Amino acid sequence: MEFIKAKTILSQAKNGEKWYGIDYNMNLYRGCSHGCIYCDSRSNCYHIENFDIVCGKENTLTILEKELICKRKRGVIGIGAMSDTYNPQELKYEITRGALKLISKYGYGVSIDTKSDLILRDIDLLKEINRKNHVIVKFTITTPKDELAKIIEPNVCVSSKRFRAIKTLSENGIFVGIMLNPVLPFITDNEEDIKGLVRLASMSGAKFIHTYMGVTLRENQREYFYQKLEQNFEGLKQKYRKAYGNRYYCSVPNAKGLYKIFTMECDQYGILYQMQDIIKAYKKERIQDEQITFFDK
């Protein structure tokens, strides 16, 4: 793995209070090898060349520790928004594990985005952090069907393995749920799959599912997505062009109706889906645990 220079690791989150209540953002790697056909991080605006090649950052943990010491607020650190921190390189280099050790050491919380069941390796650290601050884990799952997942997310563990990872984390007291983002028009936007995904989420102990019922497409990313559509879904590229043109946000057909079905299913299973409710729930759980611990002393 190539290592690139980095001046900083930790950055202030923009509108973090509206996005899982995070205070800081951190991407420990640059690029991603998952090969998801819809990934927004391919967009030119992020200036990442050779996006499919994962690069590390020189002196990551040394820089991070200095930044953690300097921050006044021991807030929640978001990890993995641009690049899945549990990529195959993490098995060897354990940069993410090292970062979690530092997060625990200095009393910060963590909010992790991933598609990989490699996160189960770090349950011990997540539980340790959870005793001191807030922890939330978000698995991206776009379809309940493993065969379809292999097409749209070819180099990552299939959906069924992600559901099993959710179950393990939930059983270990970690607040965990699903980002049903994106929902791909004409591919994953059917009522049967949405219902099936919510049911499997409930069976796995997921506390929440968040979705925006569409996909974003912009320069470079759009071209890559259309190339993959031509390879795997005959005639679908033309259907997208006709329906969306060069639009950035592409909502699924009947988005309102499908979202209503989604929320009804979530309500039936007691699964949260509004962002403000998700934030309140995982931070409230931490407060309640502190109170129980205090009164048990």
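Helices here are DSSP runs of at least four residues, numbered from the N terminus. The model on display is predicted.

**Whole chain**

Begin with the entire chain selected and coloured by secondary structure. Eleven helices and eleven strands are present. Viewed along its principal axes, the C-alpha trace covers about 60 × 45 × 30 Å. The radius of gyration is 19 Å, which agrees with the value near 19 Å for a compact globule of 297 residues.

**Surface and interior**

Next, display the surface of the chain. The accessible area is about 14,200 Å², and carbon and sulfur atoms account for 49% of that area. Then turn to the interior: 54% of the 297 residues count as buried. The contacts may be inspected at this point as well. Of those between residues at least 6 apart in sequence, 78% join residues at least 24 apart.

**Helix 3 and S104**

Select residues 95–105 to bring up helix 3, in which S104 lies. Is S104 buried or exposed? S104 has a relative accessible area of 1%, and is therefore buried, since the cut-off for that class is under 20%.

Finally, keep S104 selected and show its surroundings. Which residues does S104 touch, leaving aside those up to four places away in sequence? The contacts of S104 on that basis are E128, I129 and K132.

Key
Residues are numbered from 1 along each chain as its sequence is written. This is a predicted model: local features need pLDDT of at least 70, side-chain atom pairs count only at pLDDT 80 or more; totals for chains, interfaces and linings use all residues. Side-chain values use heavy atoms; hydrogens and water are left out. Helices (H or I, at least four residues) and strands (E, at least two) are DSSP runs, numbered from the N terminus. Buried means under 20% relative accessible area, exposed over 50%, partly exposed in between (1.4 Å probe, protein chains only). Contact means heavy atoms within 4.5 Å. The radius of gyration is taken over C-alpha atoms; the globule rule is 2.2 Å times the number of residues to the power 0.38. Accessible areas come from the Shrake-Rupley method with a 1.4 Å probe; for residues, only the protein chains shown count as cover.
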